[in-house]
Every structure is written in C-alpha cells, then in structure tokens.
Amino acid sequence: MKAMNQAQQAADFFIQNETAFHLGDLITEQSHTKTKELSSIIQESTEEGLRCLLQVDQDIIPVAEKLIHSAEFGGLIKAIVETIERGGRVVFSSCGASGRLAIILEAMWREYWSGNPIENQVLSMMTGGDRALFRSVENFEDYQSFGRRQVAEAQLNSADLMIALTEGGEISSVIGTMKEAVERGVSVYMLFNNPKDLLIQKFERSRDVLCHPDIIPIELTTGPMGLTGSTRMQATTIGLLMVGIAMEEAFSRIDGEEINIRKQFIDAFSALLNQLSTIETLKGLTELTDLEAKTYGQGGRVTYLADQFLLDVFSDTTERTPTFMIPPFRSKNDHLSPAPWTFAKDPTRNSNEAWENMLKRLPRGLDWNTDDYATMGANNSMIHNPPELSYKDIMNYQIGNEKDSSRARNDQDVFIPIHVSNATDFSNLDTNPASTIQLFIGKHDINVEKAISIPVDCHKSKTKLFEHLALKLIFNTTSTATMAKLGRVQGNWMIQVDATNKKLIDR
C-alpha cells in the first residue's frame, strides 16, 4: 500500500509540475486505427498480425513522394555536397531510436568512402554517446545542457553541417545540440515527425529552434506509429529513407554523376514494402516471429550472429528493452543482472575487432565526472553516481566471438546467423548451440536444412541503403509482433514500458 501511495504521489507531481513533457497531443503518440486490434489479431494468427503491422509502413510513401520535390530537401542535398567540398563535417545529431539511426548513417557513410579522406568528414552525435547504442541511458534526453556539451567537445564550427533527427521534435538534448551549433555558425537542418505548427504551439523548446532563422525544418510526419508511441518504427524508417536518399544523391554528385535518383529510390522503397507482404515473405516473417515467441515463452534466449549488418541488429534489439521492459544488455563484469533475452555477436572477430568493424571506427565514450554533471545541472542521482559511458565501459560489452556461458545453456536457446543478400556465409559456423536456425534475407543460393527465408530483393545503391531498410523493417515488425504474442501489447499500446525518461513517464 505504501508503494502504491508513493507511485500515486509521483504521478500527481508529474502531471502538475512537468507540463513541458505532456506529449499526448503529438501525432507520434496517438493510436493508429489500422492496428488498434493488433493484440487480439496476432493471438489468432501471427501472419495476420504481421500483415496488420506492415500496412502502416505504407503511410510513408505519400510523405516521401512530396518531400523529394521540396526546396528544403533539395537544399539538404546541396548542403551535404558543399560541406564535403569545403572540408567540413556532416554531423548527425539525435537521441534514442533516431540516435541509433544516426550511428548507422555514419557507418554507411564511412563504408562507402573507406580509404578516401571524405570518410572522416562525418560524425554521429548520439545523446549518451555510443554506450546508448546498446543500452539506454536514463534521463539524458531531458537535458539541453548535455547536447550543448557534446557539440562543444566535438568543436563544431562554421565549416560543418548538422542534420538533427528528432522523432518528436521536442527532445531537449537534441534541441541543445542545435542551439549550440547555430551559436558556433554551423548550418543546421532539423528533421522531425510531428506537425510543425503543433510543436510551435505546444513547446517553447521546439519553438526556439523551429522559428530560428538559421535552422531549416523538414517535417516528416507520416501519422501515428504502428505501435502507439514507438517511434523506432515509421518515424525512424522515413528518417533512414530520406537522409539515405540525400546522402546517395550527394555522393553521386561528388562522384561526378549529375543524376536525380529521388523518384527511383521512392519507387524502390515502395516495391520493398510490397515484397514484405507477399505470401512467400510473410511465411518467413511468421516463422521468425513464432520462433522468437516460442523461445522466450520457454525461458530460452536468442543470439543473432552477424558481421556486416551487426549494427542494424543491435539497433532493434536495444530498443526492445525500454519498449517492452525486458532485460538489457549487460557487461562482462555484471554477473548479477539477468542475461538479455536477445543479444547480437560477430562470430568472426574478437570484441575489440567487432566494435571497430561494426562502427567503421573506434567507439566514442563520454568521460564526464561528478563535477561535469553538477555544472550541467543534472539531477542528484547522476551527480553522485555518474553513469558508465566511457570508451573503457563500452568495451566491457562483449559482442565478438568470446565464449558466453549465458547463451546456449539448454535446448531452449537459439542461435540465428543472419545472411543478407549472399553476404558472409555462416551456414557452416561452429556455434555449438542447442539449436541453430539460419536466417536468409534477400536472394540466396545457400542450401541448409534448418533455415528461415525472407526473399526480398534489395535495390542496389552506393550505401546499401535498401539492405539497411529491409533489415530495419523486418526486425521492427517481427520484434513488435513477438512481444504482442507474449502479451506485452494491449490493442496497439505498450503495457510494459521501462520509463527511463520524461517522455516515457508521460506515456
């Protein structure tokens, strides 16, 4: 009873005093009419539940088709080219699901320009640093001062370009990066997923940047998410699509190819969405969803194995923790916390090599101490117990081929090697688990007995944009469907959320 009273008091305090974080009017926080019966549909049929989720991605197409003709989007492409030509850096600033997208965009950039000086003209700036890629950092997004400090430490200047991705359009830490950037003369584009006028009306912090003459807004509003409030889905998908297209066309211009690929890429994305809903592809998506649901339901754990696309797998598996309140990733020194239900590893490299191969660079940590947090106005918890976000802390998470006794413990544990468009062949890998199921995404000619096939045809591009989009769509959809099958979704609402920041507390 005492605990219930304390919870009620905390709720009352939030409602009365944290009015700047009352986000219920935002489009991204609304329930989508197409998925309102998701939890009951998927209990009857996994395939129909998946079909229900996939149809929401179609909302992206008309928005993208309109955006590619806008002056702002054309300006973004030109700004990327001009930044490269003057030797500046393109900086992707974001938080949470969009922050993980920012890291993926940097890796895509680096992979294409590998060995060229342009490779290093890019930077991803995720709230909480790279540690937040695989484990959420509590409360960080609530502080503009944290974003300002990251910009200052990166020494951004007038030669640079910032592309700020903020799903809600009101994330304080990302707004902090934009404010600090424009004060340093940096060109800033802001991409967001709620109506501009609504954000200006409701939030002073959003108004500060959306009405700033030196910040160019690009609205990506597609409507509510397939899972209410889960901006890791359609909001970040359109972000990946549009920034990916801008990068592709900018790179083409730098390569001396004066072509407009925008319409071609939107058509290719539409074709990808249609392929995901075919009978053959839905069969594979259903098998993957049912396998995960069965494994977790029996107390088992899933370990995905990947090399080239390990970062994409991490992005989705990390998001499952706050969304569905399942155990987060743990460091090699943590023997007390429960092991994560889902993990990802590179079986071809040790952890040091795997980190650098995944990010296409060394990990970036934050070395902030007690005095730093006090100076930035952090809460007492952070000041007295600073989170472990340094490079050394990141490297304590073993994502390589080291033995892990918490995986493959019994017949319920599963290893899933991922093959993307005939990339690295893991079919003969000696994982020694109780059960190994090969997952093939794209066309393949490898014949193994225990396999799941999702035969989508990925459009070829400089940055492998459509492979990244395919992986994102597949894992976003199947992981959401899995948790719905396990009862962690009611209708299309998350009912077990780890409220690690004020947005989630409000939800």
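Rings of Phe, Tyr and Trp (for Trp, the six-membered ring) are taken to pair if their centres lie within 6.5 Å; planes under 30 degrees apart count as stacked, over 60 as edge-to-face, and the rest as tilted. By that rule, ring pairs tie Phe 134, Phe 314, Phe 329, Phe 343, Trp 355 and Tyr 397 together into a cluster. The model is a predicted one, so to speak of local features takes a pLDDT of at least 70, and side-chain atom pairs count only at pLDDT 80 or more, while totals for chains, interfaces and linings use all residues. Residues are numbered from 1 along each chain as its sequence is written, and side-chain values use heavy atoms, with hydrogens and water left out.

Searching the whole structure turns up 20 aromatic pairs. One of them is edge-to-face because the rings of Trp 113 and Phe 251 have their planes at 75°, with centres 5.2 Å apart. This pair bridges distant parts of the chain: Trp 113 sits in the loop between α6 and β2, Phe 251 belongs to helix α11, and 138 residues separate them. (Helices are DSSP runs of H or I with at least four residues, strands are runs of E with at least two, and both are numbered from the N terminus.) Trp 113 is buried at a relative accessible area of 5%, where buried means under 20%, exposed over 50%, and partly exposed in between, using a 1.4 Å probe and protein chains only. Phe 251 comes out as buried too, at 0%. Trp 368 and Tyr 373 make another edge-to-face pair, since their planes stand at 75° with ring centres 5.9 Å apart; both residues are buried.

As for helix α11 itself (residues 234-254), 19 of its 21 residues are buried. Just past α11, Gly 256 adopts a positive phi of about 85°.

Strand β2 (residues 122-126) has five of its five residues buried, so the rest of the structure largely encloses it. Val 122, Ser 124 and Met 126 cover one face, Leu 123 and Met 125 the other, and all are buried. β2 pairs with strand β1 (residues 90-94) in the parallel sense over five bridges; for strands to pair, DSSP has to find at least two bridges between them. Opposite Ser 124 in β2 stands Phe 92. From β1 the chain passes through helix α6 (residues 96-112) to β2 in a right-handed β-α-β crossover, meaning that, with the strands pointing away from the viewer, the path from the first strand over the helix to the second runs clockwise.
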